Amino acid sequence: MEQIQEAAKMREKLAGAQRVLIGIGGEWGIQGRLSDEENRPIREAYEDLYQMVREKDYFVVTTLTDGAIYDTGFDQDRFVAPCGNIHWQQCSKACTKDIWEEGEVSDGLCPHCGEPLCGNTIQAETYIEEGYLPMWKRYQLWLTTTLNKELVVLELGEGFRTPTVIRWPFEKTVFFNQKAWMFRVNGEVCQIPREIAERAVAVKEGSAAFIRRYSRKR
């Protein structure tokens with residue numbers, strides 16, 4: 001019964017939302033060791049989420065580095081991946097701020113210094129941030145338009161690995177915007193701070209599964 005009420009509240013708030021801010025965390029990770037069929041539920045959840053918000057003024061922030069969101073229907077001018085993207089390449093020694101598309105450098109060696117290329121992610125020895133910064137600036141500009149607007153914040157599957165990217169900033173956004181509502185969906189850590197408890201809903205469930213179930217009962 002409680003989960004039905006949570007889905008109903010989300011439906012109600014999304015219907016009247018002027019802006020929708022979405023955070024996608026680790027629960028949505030595509031696992032390279034799994035087959036396409038095993039990863040299919042996550043890809044379907046992305047599609048369901050897109051269908052939920054595609055007619056809204058939305059923005060997506062993801063801490064994932066698997067690049068899966070680039071293969072979805074989400075407008076590439078409406079999402080940012082500040083932790084990087086494994087499908088972009090950088091010099092492993094960061095001798096240059098250049099970033100290459102996957103396969104663009106055929107031998108996998110930096111054209112400037114000859115060192116191996118690596119994924120342009122926070123796992124790199126020295127992360128080249130220039131890849132995501134233009135979209136981060138766009139996101140920050142978009143965020144300024146949400147103040148005093150009916151804002152729905154969907155935080156989906158984000159834990160505490162990089163809380164300064166999604167978790168804590170989203171809480172701050174809801175705290176300052178008295179018209180905002182947050183839905184924090186997580187199979188393990190869905191606690192809501194007391195400062196925003198009256199305008200937030202905690203859903204203890206795997207977030208991708210919740211979105212798939214919610215979208216199919218609309």
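Me: Which strands and which helix do the buried residues of H3 pack against?

Reply: A word on the source comes before the answer: this is a predicted model, in which local features need pLDDT of at least 70 and side-chain atom pairs count only at pLDDT 80 or more, while totals for chains, interfaces and linings use all residues. Residues are numbered from 1 along each chain as its sequence is written, and side-chain values use heavy atoms, with hydrogens and water left out. Helices (H or I, at least four residues) and strands (E, at least two) are DSSP runs, numbered from the N terminus. The buried residues of H3 pack against strand E1 (19-24), strand E2 (58-62), strand E3 (79-80), E7 and H4.

Me: Which residues of H3 are buried, and which exposed residues does the face turned away from them carry?

Reply: The general idea is that an α-helix has 3.6 residues a turn, so residues three or four places apart point the same way. Buried means under 20% relative accessible area, exposed over 50%, and partly exposed in between, with a 1.4 Å probe and protein chains only. In H3, the buried residues are Met 135, Tyr 139, Trp 142 and Leu 143. They cover an arc of only 100° around the axis, taken from the directions from the helix axis to the C-beta atoms, and this puts them on the same side of H3. The face turned away from that buried side carries the exposed residues Pro 134, Lys 137, Leu 141 and Thr 144.

Me: How many salt bridges does a search of the whole structure find?

Reply: Side chains of opposite charge can pair when their charged atoms come close. A salt bridge is a side-chain nitrogen of Lys or Arg within 4 Å of a carboxyl oxygen of Asp or Glu, and the search of the whole structure finds 13 of them. One of them joins Glu 125 to Lys 93, with the closest N and O atoms 3.6 Å apart. Because Glu 125 lies in the loop between strand E6 (117-121) and helix H3 (133-144), and Lys 93 in the loop between strand E4 (84-91) and strand E5 (100-101), the pair ties together parts that are 32 residues apart in sequence. Glu 125 counts as exposed at 65% relative accessibility, and Lys 93 as partly exposed at 49%.

Me: Are Arg 167 and Glu 155 buried or exposed?

Reply: Both Arg 167 and Glu 155 are buried, and they form a salt bridge whose closest N and O atoms are 3.5 Å apart. Arg 167 lies in helix H4 (residues 167-176) and Glu 155 in strand E7 (residues 151-156), so this pair ties together parts that are 12 residues apart in sequence.

Me: What does the side chain of Arg 199 reach at 2.9 Å?

Reply: The side chain of Arg 199 reaches the backbone oxygen of Asn 177 at 2.9 Å, and that of Ala 180 at 3.1 Å. Arg 199 is buried yet has no salt bridge, and the nearest side chain of opposite charge, Glu 198, is 6.4 Å away (Lys and Arg count as positive, Asp and Glu as negative, and His and the chain ends are not counted). The place of Arg 199 is in the loop between strand E8 (180-185) and strand E9 (200-203).

Definitions and conventions
Contact = heavy atoms within 4.5 Å. Polar contact = N/O pair within 3.5 Å; in protein donor to acceptor, adjacent residues only side chain to side chain.
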